[in-house]
Amino acid sequence: QVQLVESGGGLVQAGGSLRLSCAASGRTYAMGWFRQAPGKEREFVAAISRSGGSTYYADSVKGRFTISRDNAKNTMYLQMNSLKAEDTAVYFCAASSTGGMYSVSAYNYWGQGTQVTVSS
């Protein structure tokens with residue numbers, strides 16, 4: 001069983017930056033970030049391969065967000081820049097033992113979620 005612990009959520013001004021962290025215990029898997037706003041389905045934000053050599057982003061965050069990982073520390077990060085009000089959501093880190101990247105259903109381990117609120 002993989003356990004994921006998130007940190008870094010909070011209140012941020014529009015145009016500002018925030019860095020989310022996800023500390024993992026267990027084996028190293030492909031990982032990703034998802035977000036869910038009230039009344040909306042959980043949606044893909046970014047993903048990273050086991051080695052960190054491949055990254056993927058939703059069109060809505062390309063050029064603004066950067067996903068990375070430090071496997072020596074078993075930690076994944078999401079650097080969020082130029083934040084917009086539309087980025088307000090609960091952000092979840094997740095791990096996929098199947099190697100899936102884009103779909104919520106491809107991830108079988110999830111963190112507890114952390115609230116990111118972007119003020120206008």
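**Ground rules.** This is a predicted model, so I kept to local features with pLDDT of at least 70 and side-chain atom pairs at pLDDT 80 or more, while totals for chains, interfaces and linings use all residues. I number residues from 1 along each chain as its sequence is written, and side-chain values use heavy atoms, with hydrogens and water left out.

**The sheet.** I found four strands in an open, antiparallel sheet, ordered E1-E3-E8-E7. Strands here are DSSP runs of E, at least two residues, numbered from the N terminus, and two of them pair if DSSP finds at least two bridges between them. E1 (3-7) and E7 (65-70) are the edge strands with a single partner each, so one side of each lacks a neighbour in the sheet. Between E3 (residues 18-25) and E8 (residues 75-80) I noted six bridges. Ser21 sits opposite Tyr77 in E8.

**Thr114.** I looked this residue up in strand E11 (residues 114-119). Thr114 is buried at 12% relative accessible area (buried is under 20%, exposed over 50%, partly exposed in between, with a 1.4 Å probe and protein chains only). Its side chain reaches the backbone nitrogen of Gly9 at 3.3 Å. Beyond four places in sequence, its contacts (heavy atoms within 4.5 Å) include Glu6, Leu20 and Tyr91.

**Two positive phi values.** Most residues other than glycine have a negative phi. Asn74 has a positive one of about 50 degrees; Asn74 lies in the E7–E8 loop and is partly exposed at 30%. Ser82 also has a positive phi, near 50 degrees. I placed Ser82 in the loop between E8 and strand E9 (89-96), partly exposed at 41%.

Terms used: Polar contact = N/O pair within 3.5 Å; in protein donor to acceptor, adjacent residues only side chain to side chain.
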